[in-house]
Amino acid sequence: MNAAEPPVIAGLLLAAGGGRRLGGRPKALLPYRGRPLVENAVRVLREAGCGPVHVVLGASAAEVRERADLTGCVVVDNPDWAEGMGSSLRVGLASLAGTGARAALVSLVDQPGIGPEAVARVRAAYRSPASLAAAAYDGERGHPVLFGADRWADIAATATGDRGARVHLKNHADEVMLVECGDVAAAFDIDTPPDLAHLV
């Protein structure tokens, strides 16, 4: 990388969830502003300056590909999506190997209250391939999370079940740069039927 060139910070969108508590409606296809929710999440990553953008699909992957405009994204299928977020994180990080990305900014498809401004703040926390940063809301760690490339192997080795990167983050808690975003974003998840009100 030329010293004058900005580092490549890839956007990694985890969008494989089956929406079990939503009656089996894939989260990627939930309607938001007239389009599938996954399109909003991709837009947010791009507007925050992330690229390339890799999208991990799982539940109803073929339908998501058909109905959502993911033009320009690298779309990766996770056949083991039902095992939990950890498997999607592993698949997503593996897909970034060889891209030249110095870090992955990981976001979740079901958090439409987190917009480009918050994501850009976390992206700006990149310092080196060893960087580890996360958005914080009133001081509590949340998403999105930035993982320097030097950390990907360890994260993949410990990402199991629904824990995602929690083991790595816990083991390296003193190295996590928290980036307060509570003034510009709301970190709610779309998990249950009452949460769907956030999409209106």
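Predicted model: local features only at pLDDT ≥ 70, side-chain atom pairs only at ≥ 80, totals over all residues.

A definition to begin with: on a 1 Å grid over the protein atoms alone, I call a set of points a cavity where a 1.4 Å probe fits but cannot get out, and its lining residues have an atom within 4 Å of a point. Grid points are joined across faces, edges and corners, and a volume is the space filled by probe spheres set on the points.

Residues are numbered from 1 along each chain as its sequence is written, and side-chain values use heavy atoms, with hydrogens and water left out.

**Entry 1, the cavity.** I searched the whole structure and found one cavity of 30 Å³ or more. The largest cavity holds about 110 Å³ of space. Its lining has 13 residues, and Ala 41, Ser 107, Leu 108, Gln 111 and Ile 114 lie nearest the centre. I noted H1, S6 and strand S8 (140-148) as the elements giving two or more residues to this lining; helices (H or I, at least four residues) and strands (E, at least two) are DSSP runs, numbered from the N terminus. H1 supplies the largest share of the lining, four residues.

Buried is under 20% relative accessible area, exposed over 50%, and partly exposed in between (1.4 Å probe, protein chains only). This core has 42 residues, and Leu 13, Val 38 and Val 119 are among those with the most contacts inside it. The largest share, six residues, comes from H1. Apart from this core lies another, of 21 residues, including Leu 14 and Phe 147.

I then followed Val 119. Contact means heavy atoms within 4.5 Å. Leaving aside neighbours within four places in sequence, Val 119 touches Val 44, Leu 45, Ala 48, Cys 50, Leu 105, Ile 114 and Pro 144.

Is Asp 110 buried or exposed? Asp 110 is buried, with a relative accessible area of 6%. I find Asp 110 in the loop between S6 and H4. Beyond its neighbours within four places in sequence, Asp 110 is in contact with Lys 27, Leu 37, Phe 188, Asp 189, Ile 190 and Asp 191.

Technical notes: Core = buried A, V, L, I, M, F, W, Y, C linked by side-chain atoms within 4.5 Å. 1 Å grid on protein atoms, 1.4 Å probe; cavity = no way out; pocket = protein on both sides within 12 Å on 5 of 7 lines; lining within 4 Å.
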